[in-house]
Amino acid sequence: MGDRAGPQIYSIAAHRGFADALVSGLVPRYSEANLGLARVTLLLPSTRAVRTVSEAFVRYYGATDRQGMLMPRMAVVGDLDLDETLGALLDPLAANDIPAAIDPTARWLMLAKILPDVMERLGRDIPSGATLMRLAKQHAETMDRLLVEDVSPETLWEPKTLQAMESNAKHWEENTKLFYAVQAAWRADLASAGKVDAAERRNRLFDLAADRWKASPPATPIIAAGVTSASPALARLLRVVSELPQGAVVLPDFDLLIDDDVWQELGAAGEIVEGEEALFAKGDAVTHPQYHLKLLLNRMGIARGEVQHWHRKGMTAANPDRSHAISSVFLPPEASKNWAGLPADKRRLAGVRILETANPEAEAQAIALLVRKELEHPTRRVAVITPDRGLARRVVQHLRRWHIEADDSAGRPLSQTPAGRVLLLLAETIAEHAAPVELMALLEHPLVRIHANRADWLRSARKFENALRGPRPAPGLIPLRAIADDAGVSEWFAEVEAILSPLLENSAVRSLASLVDGLVTAGEALCGDALWSREDGRALSAFVEDLRYHAAEHETQLEPAELHSVLRDATETIAVRPPYGGHSRVAIYGLLESRMSRADVVICGGLNEGSWPATPATDPVLAPQILRALGVPGADFRIGLSAHDLAGALGAPEVILSRAERDAEGPAIPSRFLLRIKALLGQKLSRKHAETEILQIADALDFSVPAARYEIPKPRPSAQQRRERISVTALDRLRSDPYQFYASSILKLSELDALDAEPSASWRGTAAHEILEKWHGGDRPMSEIATDVLEQMNAHPLMRALWQPRLMKALEWVEDSIAAFDGRAPAISEEWGEIDVRGVKIFGKVDRIDTIEGGGLAIVDYKTGAPPSGKEVQAGYALQLGTIGLMAERGAFENISGEATKFEYWSLAKSGKSDTGFGYVSSPVKDGRNRSEIEPEDFLPKVKADLDDALDRWILGDEPFEARLNPDAKVFTTYDQLMRLEEWMGREE
């Protein structure tokens, strides 16, 4: 393979298709008659790369009609057991003394124990629970970043690092001291355990392989392919591999076309300057797709001119004409000034289209249509590449419209899978003390009772849910028993309580292992084997066993309320990938999975800032300036990697670049990569490269004949349906908005309260009226009655703490006001009455009626909020108080009679004129200085006239119950959706 005079370094250009081109070159060169490629060893970057290359071998042998195939040994360079994978090839006597790597979970839990001791010594505030566990994970991640770059903790106190620290805020300096102290304690514990960090073990394995192979080169070929990590230890190994008699290093998408000036503009990138490695200087173009490859070559000690073209291309190679344009797209700032003078042939991006849609849903549908269209060609393979997992899931769902099953190979977090959600919902139920939303989400989870009378279980759960709706009850399961009794599901709830009560009965700090045991027991009781039977269940099982084992070993303690946050953080980092079995010619990749892959058509989705590239995340432990001084890649370095991923994807025969103009948060900013492509093309060419056909197909796919204009609802029920008993509260709706009366009183539709709802006006009114009713009818203090009533209503302590003091001040005002009466006394309260008005039964409950000297009656209506305004009363939209007065005069209430002469609203709302700060009286009739235009003696005749008018028009007549008949009336929004308000409001004639 080329001249052996120097290192053998090759590059496979993006348009050649890395895996296919690699295989096309390896087979003719190394295949032996009886052994095939069995004597060849391939060093690959990941297990996904192993699968990609294996598929490339299958395609190659199938296309060349070969009958047998012995593939090479494929080893993952990052494998912690690389010595076992390579076996005698690396260590003939199996005598290496590299310690085993510490388990990542064990390290996390051990760091969580170290941190409090170190922070106490440094005089810091010590976090606990989930915050401590999160801090331990952050320290572990920062440790790995330093270990990969062969940076020891002592380097933190070298002059260049101390100088960088001086320009930072004080907290960064404190963080650095903490990190160093934690590192010192950690290394001591690690040494006593006889283990090393995983990253250190990898480095030692790389150095072992480099030393052994340099001293005694293997007799069989060793090829490192697709490895782009620039870690120093791996770079040393790759240098040795490139110099082996039968060794070679093959780089993906290394750009051999860029000029020397451009190469220099990328920056020092690891070059030795004045005896030191120059890394990540401020002027370095770390976001350039070739920067990390320059860093790798410099660390290998390889000049750019020593890199050769790979001698074969793949079966899916594209036209190379696009290569110059791809190279030009990513030019660094100074070099990109040459765009203006680029000839047309170096701007050519034939086969590349740009798709821009209105929103992510439209983008997913358009991508799915593109996939469906390409599958019409029997041999074409399609790949969708996107870092946006939400977009990937949407594409998967859209493809199912045509029964195309496509697997998202990047997977989804365990926390978002059904099995993972069961575990987290159980933990959340503990944290929230069986709060309604979390409890019902758990009990109605799709896996619960999936194989054991699920229909009966859900029937009971839904009855219980309906009874549970409204403000949050008191915490725990015991207050829910009464609700279950009211719903008629006592036996069902007893089963639920038996499963969940062990989790809730003890809130003290406990061992993490026992907490996880409790979750597993409850999960199995609810779901049975279904919890573990699928791929997410198997991933959950592995996670639980690992966490439980190490938590017990290291005696990790945790408050039960913190368990949910800890498990959520841990499960979000575990990717659950679907079992293979989707469509053979469709693949959906994340950026990591897409490397080395190949397809005839590649669709790059989610090309917006924050997605591709992702927003750089600052290391929470060490400041960016300190990391730069240490020679550790910063946050911007990953932008260069994502640029390299896009450059590789652009080498496919056909490429579609896709983005949505808006996301859930508002207008989206196009990816800087996409903007560069558009700038290179220019306005005229950009229009030619726009993908418009698929948008037209998408519009046609969802086309429907425009619906006829929806007119204002004006239902006309029959005379029999109109003859309903009418409550005095419904009379207000009848005149102000007849449609609301129709929906509530004739259709009998009522709004469901939400689970864990805020206390509504109705709920507060019910509580206040019950307290006042018991106080009027007894001799107990108001405060004592209020406490009992709220306890009986299972009011949550937090809600009571926020609302009860306000209520008590208002009730105190009521108590004081009544005590101050002179010549007036309450006669009845909270009593039901009924009258017949022209054959129509009208009923209602009076809040209070007082007797006045001279035999008159004062009608009182309690309001927890603001009472009706004078305008509403004048317009006839507030008939309740007057109708109660009519009922009282007609003897509808027992033990009281007389003429109603006073009419009052007693509001419990805030008032500056009240001695307690809450409560005031207003009247709908002229009374002192109020602005009412209705004389007291005219009030009941007016109410009677308004009542007769309402009965004549809607109850005894046939007038339609028109929606929003009086736009100026104060109405509820309960039935807006039923009346399809937004479809006609503003278009009325």
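Trainee: In what order do the strands of the open sheet of 5 strands lie?

Mentor: A word on terms to begin with: helices (H or I, at least four residues) and strands (E, at least two) are DSSP runs, numbered from the N terminus. Two strands pair if DSSP finds at least two bridges between them. Here, the open sheet reads S9-S18-S17-S10-S16, and its pairing is parallel. From one strand to the next, the twist averages 15 degrees; axes are lines fitted to C-alpha atoms, and angles run from 0 to 180 degrees between N-to-C directions. Please keep in mind that this is a predicted model, where local features need pLDDT of at least 70, side-chain atom pairs count only at pLDDT 80 or more, and totals for chains, interfaces and linings use all residues. Residues are numbered from 1 along each chain as its sequence is written, and side-chain values use heavy atoms, with hydrogens and water left out.

Trainee: How many bridges do S9 and S18 share?

Mentor: S9 and S18 run parallel and share 6 bridges.

Trainee: Which residue in S17 is the bridge partner of Ile385?

Mentor: That partner is Cys604. Strand S10 (residues 382-385) and strand S17 (residues 601-604) are joined by 4 bridges and run parallel.

Trainee: Is strand S18 mostly covered or mostly uncovered?

Mentor: Buried means under 20% relative accessible area, exposed over 50%, and partly exposed in between, using a 1.4 Å probe and protein chains only. Strand S18 (residues 654-660) is mostly covered, with 6 of its 7 residues buried. For the protein as a whole, 52% of the 989 residues count as buried.

Trainee: How many helices and strands does the protein have?

Mentor: You can find 37 helices and 27 strands. Along the principal axes, the C-alpha atoms fill a box of roughly 125 × 65 × 60 Å.

Trainee: What share of the contacts joins residues at least 24 apart?

Mentor: A contact means heavy atoms within 4.5 Å. Taking contacts between residues at least 6 apart in sequence, 77% join residues at least 24 apart.
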